[in-house]
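Trainee: Could we go through this one together? I'd like to start with the charged side chains and then move to the strands.

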Amino acid sequence: MKIRVAFVCWGNICRSTLSESVFTYKVKEKGLSDQFVIDSFATSTEEIGNPPHRGTVKEVGIPLVPHRAKQITFSDYDNFDYIIGMDSINIKYLNRMLKGDPDGKVSKLLDYTSRKGADIADPWYTGDFETAYEDVTEGCSALLSIFLSSEIFQTGIFSGGKNPL
């Protein structure tokens, strides 16, 4: 069974798409692409159909995944084991949209780091894509490390939806 991870932000053109791209790259680097399904979504409808923001593309050797913004819905809830938001307001919206997160799948990306509870600021508003990239990279690295050290990869058994925190 594959581990299914969804990254979520407001418009799905900056932070969540960047997270999807960075995590996809890191998983591929470890030779684990066949073990994961990775996607990203928005909580809003504001950018639906739009490509990633041009500032999201970094010259760091990590390709941006081909993507068009889409909104998460409750029907997506059963398709993912981990639904990872970028900030507190999107966690609030996710909990509302996903009927209170009955299976405990929703978390923040930086919760997997030593900065539990911290938000990744939206570079659409701050203009600071470099800090967003650093935060996303830190969160994705920590998340993958937790997966690699968990029972999922130690035993080869994945029960689905169990938050590794």
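Trainee: Is Asp87 buried or exposed?

Mentor: Asp87 counts as buried at 10% relative accessibility, where buried means under 20% relative accessible area, exposed over 50% and partly exposed in between, with a 1.4 Å probe and protein chains only. Keep in mind that this is a predicted model, in which local features need pLDDT of at least 70 and side-chain atom pairs count only at pLDDT 80 or more, while totals for chains, interfaces and linings use all residues. Residues are numbered from 1 along each chain as its sequence is written, and side-chain values use heavy atoms, leaving out hydrogens and water.

Trainee: And which side chain meets Asp87 in a salt bridge?

Mentor: That is Arg15, at 2.8 Å from N to O; a salt bridge here is a side-chain nitrogen of Lys or Arg within 4 Å of a carboxyl oxygen of Asp or Glu. Arg15 lies in helix H1 and Asp87 in the loop between S3 and H3, so the pair ties together parts 72 residues apart in sequence. Helices (H or I, at least four residues) and strands (E, at least two) are DSSP runs, numbered from the N terminus.

Trainee: OK, strands now. How many bridges join S1 to S3?

Mentor: Four, with the two strands running parallel, and strands pair if DSSP finds at least two bridges between them. Val8 stands opposite Gly85 in S3. S3 also pairs with S4 in the parallel sense, over three bridges, and there Ile83 has Val106 as its bridge partner.

Trainee: What about the faces of S3?

Mentor: Both are covered, with Tyr82 and Ile84 buried on one side and Ile83 and Gly85 buried on the other.
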